Amino acid sequence: MKKFVLVLLSLVAFSAHANEACLSQEEAREVLLNQDRTILSELKQQYNVGLCKGRPNQGCITKTHLSQVLLQTHWDARNNRYQSGSLYYWLCGPGADCWVHATLTCDGEMKLIVVGD
């Protein structure tokens with residue numbers, strides 16, 4: 001019985017640790033802000049979304065918008081990573097909305113993801 005309790009306590013401690021952020025929220029925001037050029041490049045390559053030269057329109061975002069959504073970065077405990085606010089939004093199908101977010105994993109990998117409904 002003692003062994004069972006020790007194993008159970010170990011599992012609880014491990015699962016609680018797995019949901020903790022690996023960086024502070026400020027550190028994650030700073031990392032993503034410093035990768036703004038990479039994020040813009042990936043947006044262009046993957047989704048044909050560029051940086052607006054004037055007013056925002058379909059197919060572009062402003063530098064101000066990029067900075068604002070990266071400052072909205074929060075810990076996503078469900079996926080064990082940080083996730084930014086929505087970088088770009090579009091209608092991706094009949095009655096379907098899609099949003100692109102930047103994510104940052106604990107090992108420092110940044111990638112773009114699409115969330116839709």
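## Disulfides

The torsion about the S-S bond of Cys-92 and Cys-98 is about 70°, so this disulfide is right-handed, a disulfide being counted wherever two cysteine sulfur atoms lie within 2.5 Å. In this predicted model, the sulfur atoms of Cys-92 and Cys-98 are 2.0 Å apart. Cys-92 is partly exposed, with a relative accessible area of 37%, whereas Cys-98 counts as buried at 8%; buried means under 20% relative accessible area, exposed means over 50%, and partly exposed is in between, with a 1.4 Å probe and protein chains only.

A disulfide is a covalent bond between the sulfur atoms of two cysteines. Cys-52 is joined to Cys-60 with an S to S distance of 1.9 Å, and the torsion about their S-S bond is about 90°, so this link is right-handed. Cys-52 is buried at a relative accessible area of 14%, and Cys-60 is likewise buried, at 11% relative accessibility.

Cys-22 and Cys-106 form a disulfide in which the sulfur atoms are 2.2 Å apart, and with -95° about the S-S bond this link is left-handed. Cys-22 lies in the loop between helix H1 (2–18) and helix H2 (25–34), and Cys-106 lies in the loop between strand S6 (96–105) and strand S7 (110–116), so the pair ties together parts that are 84 residues apart in sequence. Cys-22 is partly exposed at 36% relative accessibility, and Cys-106 is partly exposed at 38%. With the bonded cysteines counted along the chain, the disulfides follow the pattern 1-6, 2-3, 4-5.

## Basis of the model

Residues are numbered from 1 along each chain as its sequence is written. This is a predicted model in which local features need pLDDT of at least 70 and side-chain atom pairs count only at pLDDT 80 or more, while totals for chains, interfaces and linings use all residues, and side-chain values use heavy atoms, with hydrogens and water left out.

## Overall architecture

The protein chain has four helices and seven strands, which from the N terminus on run α-α-α-β-β-α-β-β-β-β-β; helices (H or I, at least four residues) and strands (E, at least two) are DSSP runs, numbered from the N terminus. Of the 117 residues of the chain, 32% count as buried.

Among the contacts in the chain with a separation of 6 or more, residues 24 or more positions apart account for 40%, where contact means heavy atoms within 4.5 Å. The chain exposes about 7,800 Å², of which carbon and sulfur atoms supply 56%; the accessible areas come from the Shrake-Rupley method with a 1.4 Å probe, and for residues only the protein chains shown count as cover.

## Helix H4 and its cover

In helix H4 (residues 63–70), Leu-66, Val-69 and Leu-70 are buried. Seen down the axis of H4, its buried residues fall within an arc of 100°, so they line one face of the helix, the arc being that of the directions from the helix axis to the C-beta atoms. The cover over the buried residues of H4 includes H2, helix H3 (36–47), strand S2 (60–61) and S6.

## Gln-83 in strand S4

Gln-83 lies in strand S4 (residues 81–83) and counts as buried at 11% relative accessibility. Leaving aside residues up to four places away in sequence, Gln-83 touches Gln-72, Thr-73, His-74, Asp-76, His-101, Ala-102, Thr-103 and Ile-113.

## Aromatic pairs

A search of the whole structure finds four aromatic pairs; rings of Phe, Tyr and Trp (its six-membered ring) pair if their centres lie within 6.5 Å, and planes under 30 degrees apart count as stacked, over 60 as edge-to-face and the rest as tilted. The rings of Tyr-47 and Trp-90 have their centres 5.8 Å apart and their planes at 40°, so this pair is tilted. The pair links distant parts of the chain, since Tyr-47 is in helix H3 and Trp-90 is in strand S5 (residues 88–93), 43 residues apart.

Tyr-88 and Trp-90 form a stacked pair, at 6.0 Å centre to centre with 25° between the planes, and ring pairs link Tyr-47, Tyr-88 and Trp-90 into a cluster.
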